[in-house]
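Here is a short report on one protein chain.

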Amino acid sequence: MKFFEKSWKYIKTGVDGNVRLFGVNIFNFEWKITNKTIQIDDFHHNIPVFQVVVSDKTYEFAADEVSNCVWKFYVYK
């Protein structure tokens, strides 16, 4: 299933091990891949959507490694 950028918004760029999403360091949690992707115009490729469970709540986000150990993160609007 593919979603386009109108449904998702850029949230931040960060380096491996040091990105806070949903109030936690997202790299301290297991990212489970979903069957969803998003497509952002600047990249012209599909970015995978992941799920994490934080304090018994499931969150989804898209993440793309844009450079060695540098990630861009997107969340659903």
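## Confidence

Confidence in the chain is lowest in strand 1 (residues 2-4), with a mean of 56. It is highest in strand 4 (residues 24-25), at 98. The score is pLDDT, the predictor's confidence in each residue, from 0 to 100. The chain averages 90, and 88% of the residues score at least 70. Strands here are DSSP runs of E, at least two residues long, numbered from the N terminus.

The model is predicted: local features need pLDDT of at least 70, side-chain atom pairs count only at pLDDT 80 or more, and totals for chains, interfaces and linings use all residues. Residues are numbered from 1 along each chain as its sequence is written, and side-chain values use heavy atoms, with hydrogens and water left out.

## Strand pairing

Strand 6 (residues 46-54) and strand 7 (residues 57-67) run antiparallel, joined by 6 bridges. Two strands count as paired if DSSP finds at least two bridges between them. Valine 49 stands opposite alanine 62 of strand 7. The two strands form a hairpin with 2 residues between them. In that turn, serine 55 has a positive phi of about 50°.

Strand 7 also pairs with strand 8 (residues 70-76), again in the antiparallel sense, over 5 bridges. Aspartate 64 faces lysine 72 of strand 8. This hairpin too has 2 residues between its strands. Cysteine 69 takes a positive phi there, near 70°.

## Nonpolar cores

The largest nonpolar core has 12 residues. Val19, Leu21, Val24, Ile26, Phe50, Val52, Val54, Phe61, Ala63, Trp71, Phe73 and Val75 make it up. Strand 6, strand 7 and strand 8 are the elements that give two or more residues to this core. A second, separate core of 7 residues includes Ile40, Ile47, Val49 and Tyr74. A nonpolar core is a set of buried Ala, Val, Leu, Ile, Met, Phe, Trp, Tyr and Cys residues joined through side-chain atoms within 4.5 Å. Buried means under 20% relative accessible area, exposed over 50%, and partly exposed in between (1.4 Å probe, protein chains only). In soluble globular proteins, nonpolar side chains tend to be buried together.

Which residues does phenylalanine 50 touch, not counting those up to four places away in sequence? They are Trp31, Lys32, Ile33, Thr34, Tyr59, Glu60, Phe61 and Ala63. Contact means heavy atoms within 4.5 Å.

## The salt bridge

A search of the whole structure finds 1 salt bridge, defined as a side-chain nitrogen of Lys or Arg within 4 Å of a carboxyl oxygen of Asp or Glu. Lysine 36 forms it with glutamate 60; the closest N and O atoms are 3.0 Å apart. Lysine 36 lies in strand 5 (residues 32-39) and glutamate 60 in strand 7, so the pair ties together parts 24 residues apart in sequence. Glutamate 60 is partly exposed, at 25% relative accessibility.

## Two loop residues

Aspartate 16 sits in the loop between strand 2 (8-15) and strand 3 (20-21). It is partly exposed, at 35% relative accessible area. Its C-alpha is 5.2 Å from that of cysteine 69, which is 53 residues away along the chain. Leaving out residues up to four places away in sequence, aspartate 16 touches Phe27, Cys69 and Trp71.

Glutamate 30 is in the loop between strand 4 and strand 5. Is glutamate 30 buried or exposed? It is exposed, with a relative accessible area of 59%. Glutamate 30 and valine 52 are 22 residues apart in sequence, but 6.3 Å apart C-alpha to C-alpha. Beyond neighbours within four places in sequence, glutamate 30 is in contact with Gln51 and Val52.

Terms used
Helices (H or I, at least four residues) and strands (E, at least two) are DSSP runs, numbered from the N terminus.
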